[in-house]
Amino acid sequence: MTTAPPDTEVGPLLREWRERRRISQLELALRADSSARHISFVETGRSRPSEDMVLRLAEALDVPVRERNALLVMAGYAPRYAQTPLDAPAMSALRESLDRLLTAYEPYPALVVDGVYGVVAANRGIALLLEGVAERLLVPPVNAMRLTLHPEGLAPRIVNLPEWRADLLAQMERQIALVRSPALRELYEEVAAYPVPERPADTDRTDVPEGPGGSGGSASAEGRAGRERAAAFALPMRLEHGGRVLSFVSSIATFNTPMDVTVAELAIETFLPADRETAAYLHAHLPP
């Protein structure tokens with residue numbers, strides 16, 4: 001098929017990606033099985049790269065799938081990667097697999113988000129933590145960043161909100177630097193402008209949850225030690241829930257070698273208990 005000539009030169013954009021990755025033309029040439037001279041000619045517009053070369057350079061520069069399509073279009077070629085809606089019949093097997101995975105994580109909270117933190121799916125562990133969140137924030141499409149940082153969302157109950165908020169905003173900044181997404185930039189500007197709720201001085205307590213892990217009262221020495229160990233290897237999210245403080249560490253997983261833009265931008269985030277008390281509470285209070 002024929003394609004229209006590119007509206008924008010692909011060379012400067014490839015140079016921008018190379019500079020982001022902080023590698024030289026020679027190093028890029030070695031990675032892409034080319035020559036530094038050819039890389040220079042491509043970046044300055046003296047040479048038009050072939051479709052295969054664009055893809056090899058994008059692979060060598062670890063360019064996101066959506067941006068690889070943009071590079072191809074700028075070079076005058078058709079996009080290579082489809083963007084299939086998640087609700088399409090072709091995605092049914094993927095949706096079922098994600099649902100099984102989220103269920104398997106229960107009672108621990110887990111959810112799937114898209115490239116702008118829209119919640120695609122979530123398990124009952126997430127539902128447990130949403131107590132007290134304003135209903136309007138739970139009306140689809142639900143956004144995980146908005147849900148977490150909004151003053152009517154989880155933010156007032158996050159004991160270590162300043163640290164957790166700073167980590168989330170830094171995560172968004174890294175993504176914005178990686179992909180050219182006006183929607184992601186707009187979301188960042190929105191949530192970064194939210195006021196930070198003030199917490200009373202005595203809310204930084206760590207009650208022992210009722211159930212298998214304890215019967216209430218002051219935190220045990222074992223519980224405090226568990227939280228200190230969690231803080232040593234990962235920043236925990238400490239969330240007040242039902243008069244107790246639950247502690248979680250977060251893990252994010254993505255798909256290897258995705259061939260579809262939609263799949264490439266999905267992320268599975270799980271919240272693992274940072275101490276035995278939190279684990280016991282989740283097992284005892286998972287909603288039906």
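Modeller: Helix 4, which spans residues 51–60, has Met-53, Val-54, Leu-55, Leu-57, Ala-58 and Ala-60 as its buried residues, where buried means under 20% relative accessible area, exposed means over 50% and partly exposed lies in between (1.4 Å probe, protein chains only). Helices here are DSSP runs of H or I with at least four residues, strands are E runs of at least two, and both are numbered from the N terminus. This is a predicted model, in which local features need pLDDT of at least 70 and side-chain atom pairs count only at pLDDT 80 or more, while totals for chains, interfaces and linings use all residues. Residues are numbered from 1 along each chain as its sequence is written, and side-chain values use heavy atoms, with hydrogens and water left out.

The cover over the buried residues of helix 4 includes helix 1 (10–21), helix 2 (25–31), helix 3 (36–44) and helix 5 (65–74). After helix 4 comes Asp-62, which has a positive phi, near 55 degrees.

Two packed helices are described by the angle between their axes and the distance between the axes. Axes are lines fitted to C-alpha atoms, for helices over the stretch in contact, and the angles, taken between N-to-C directions, run from 0 to 180 degrees. A crossing is left-handed if the near helix is turned anticlockwise from the far one by less than a right angle, and right-handed if clockwise. Contact means heavy atoms within 4.5 Å, and for classes Ala, Val, Leu, Ile, Met, Phe, Trp, Tyr, Cys and Pro count as nonpolar, Asp, Glu, Lys and Arg as charged, and the others, Gly among them, as polar.

In these terms, helix 4 packs against helix 5 at an angle of about 150 degrees, with the axes 10 Å apart, and their crossing is right-handed. Glu-51, Val-54, Leu-55, Ala-58 and Glu-59 of helix 4 make this contact with Arg-68, Leu-71 and Leu-72 of helix 5. By class, the residues of the contact of helix 4 with helix 5 are five nonpolar, no polar and three charged.

Leu-55 belongs to helix 4 and is buried because its relative accessible area is 15%. Not counting residues up to four places away in sequence, Leu-55 touches Leu-72, Arg-80 and Tyr-81. Asn-69, a residue of helix 5, also counts as buried, since its relative accessibility is 11%. With residues up to four places away again left out, Asn-69 touches Pro-79, Arg-80, Tyr-81 and Val-261. Although Leu-55 and Asn-69 are 14 residues apart in sequence, their C-alpha atoms are 9.2 Å apart in space.

Helix 5 also meets helix 1, and there the axes come within 9 Å and cross at roughly 150 degrees. Helix 1 and helix 5 are therefore roughly antiparallel, a label for angles over 145 degrees, whereas those under 35 count as roughly parallel, 65 to 115 as roughly perpendicular and the rest as oblique. Helix 1 passes helix 5 in a left-handed crossing. Val-10, Leu-13, Leu-14 and Trp-17 of helix 1 make this contact with Glu-67, Leu-71 and Met-74 of helix 5.
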